[in-house]
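Please look at the sequence and the structure below before reading on.

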Amino acid sequence: MKKIYLFAFAAMTALQVQAQKATQDTYVGAALATEDLNGTARYVGMGGAMDALGAEISTMGSNPAGIGLFRKNQVSASLSVVSQEDGKTFQNGSKTHVSFDQIGVVFSGRTGKTSYLNFGFNFHKNRNFNHVLYAARALNGSSQSTQTVIKDGVGLFDTQAWSQLDDLYYGNMLYDKSTDMIYSYEGEAYDFNRAATGYIGEFDFNISGNIKNRLYLGLTVGIQNVNYKNYSEYYETLNSTEVTDVLISDNHKITGTGFNIKAGLIFRPVEESPFRIGLSVASPTFYRLTTENYTTIGGNVDRSSAKEDFRFNTPWKFGLSLGHTVGNYLALGAVYEYADYGACDMRTIDGTYYDPYYDTYSSSSSTDNNMKRHTEETLKGVHTVKLGAEFKVDKNIALRLGYNYVSPMYKEDGVRDQTIYSPGVYYASTTHYINWKATNRITAGVGFSFDKFRLDLAYQYNTRKGDFYPFMKDLAVTYVDEATGASEELRNHCDAVSVKDNRHQIQASLVYTF
């Protein structure tokens, strides 16, 4: 059904493209800030609980002091096959894909009778974006077009709190030039498909060592490479004889680089005991990124596109770990990590400056304060617990088990707020969001040693559920007829759809010690 809600669309001139400094919103930042459990097959098989045990190349990115326990040189490389449970093929997304996960080397050198100075390099994929999502539900009269009409009705367009999607709806469906009126359409149902691909790869450079074989220290500088792609289709069935349906197709890409610094220590409180305690801290990752999108409405009838740079800082991360070995046949590890994702910082680039003396360019940035407040209201601190064990059946065969629990990042009432005056809203070409709940990971592995080589195999099952919304779950405006005084409320409400992200990963690592 087509309904008239505004008799003169006063904000029509405001919807012209304005020059703005770009950021992205809270939900994009959350996707960039989180990490997967990945690395070598031994590290994954033990659930990543090796920060205090050390002598494992993947600890370079979690507790750098772990590299200080190496006594020989080592090189390793890892591949895996990742499969999404109940997934399907959509556009470039697929249920199963091969992933190159890790390659690294450690050089160990003796500096004293019991002291070593070690250097290491490791690449690992700390975030795998590959995921195909499908959601569908009845709309019961709500619609994306109504969302745009309400945003105008409450005066948001006057404060420039509109998005690229609002612009597309206004220009193609809602505004009638002949009558100077705006209309909304009642939605009956929607279908949503999204294929996300890409990864964040991390290059770690480490220096570490030990003092009297009781205190181990390490420092890692990490460089991140972001390659994120997302294609989505939102199809809405309308209750109207004039426009029966509408399709929004969106191509979105984020690329760029970042860097962080990680420091750690491991110490043995009792000289005669192999029990050790680890502490670690990781600085925010300081990203400089570029966002690009190409969005169409109504089967390529009209389009919107943008390409802008922005900065993004992840939160600090802190870790406490315990490790213990029994003889040469049993290793036990536990890790606790904490990061406050409400501290994620979306930043606008204020300007670029040229230094003629050094022939270089530099830029300054500032916090998007409105988006910062929204992030604080939407995201919270995350507690991660990792447990792992390794049992050697004999000197050549090792069995491993692990478990992870990651608490929810999103608050229960979290919403992708499209009413904020922020470049992060203006550059939004979609409105959907997911409030993911807790993550559970179960891992297992086996290792085979022969001469100087070791072959490690691991299996990981990663599961989490979430609530999907196609747009803000509740937005309303009240119109008053000046002539009669009668009022009418226009409310746009949508309910959540339960979605899931369950993945199986089978991984293999080849390790050479020399």
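Which residues in helix 4 are buried? In this predicted model, the buried residues of helix 4 are Q164, L165, D166, L168, Y169, Y170, M173 and L174. Helix 4 spans residues 164–174, and because eight of its eleven residues are buried, the helix is largely enclosed by the rest of the structure.

**Nonpolar core**

- The largest nonpolar core has 61 residues, and among these F312 and F468 touch the most other members.
- Apart from its neighbours within four places in sequence, F468 is in contact with L133, A135, Y190, F192, H432, Y433, I434, D495, A496, V497 and V499.

- Side chains of opposite charge can pair when their charged atoms come close.
- The structure holds 21 salt bridges, and one of them joins the side chains of E202 and K262, with an N to O distance of 2.6 Å.
- Because E202 lies in strand 8 (residues 187–211) and K262 in strand 10 (residues 245–267), this pair ties together parts that are 60 residues apart in sequence.
- E202 is buried, with a relative accessible area of 3%, and K262 is buried, also with a value of 3%.

**A salt-bridge network**

- R42, E56, E390, R400, R454 and D456 are linked in a network of salt bridges.
- Within a salt bridge between D456 and R400, the closest N and O atoms are 3.1 Å apart.
- This pair links distant parts of the chain, with D456 in strand 21 (residues 453–469) and R400 in strand 19 (residues 397–406), 56 residues apart.
- D456 also meets R454 in a salt bridge of 2.8 Å, N to O.
- D456 counts as buried at 0% relative accessibility, and R454 counts as buried at 17%.

How values were computed:
Residues are numbered from 1 along each chain as its sequence is written. This is a predicted model: local features need pLDDT of at least 70, side-chain atom pairs count only at pLDDT 80 or more; totals for chains, interfaces and linings use all residues. Side-chain values use heavy atoms; hydrogens and water are left out. Buried means under 20% relative accessible area, exposed over 50%, partly exposed in between (1.4 Å probe, protein chains only). Helices (H or I, at least four residues) and strands (E, at least two) are DSSP runs, numbered from the N terminus. A nonpolar core is a set of buried Ala, Val, Leu, Ile, Met, Phe, Trp, Tyr and Cys residues joined through side-chain atoms within 4.5 Å. Contact means heavy atoms within 4.5 Å. A salt bridge is a side-chain nitrogen of Lys or Arg within 4 Å of a carboxyl oxygen of Asp or Glu.
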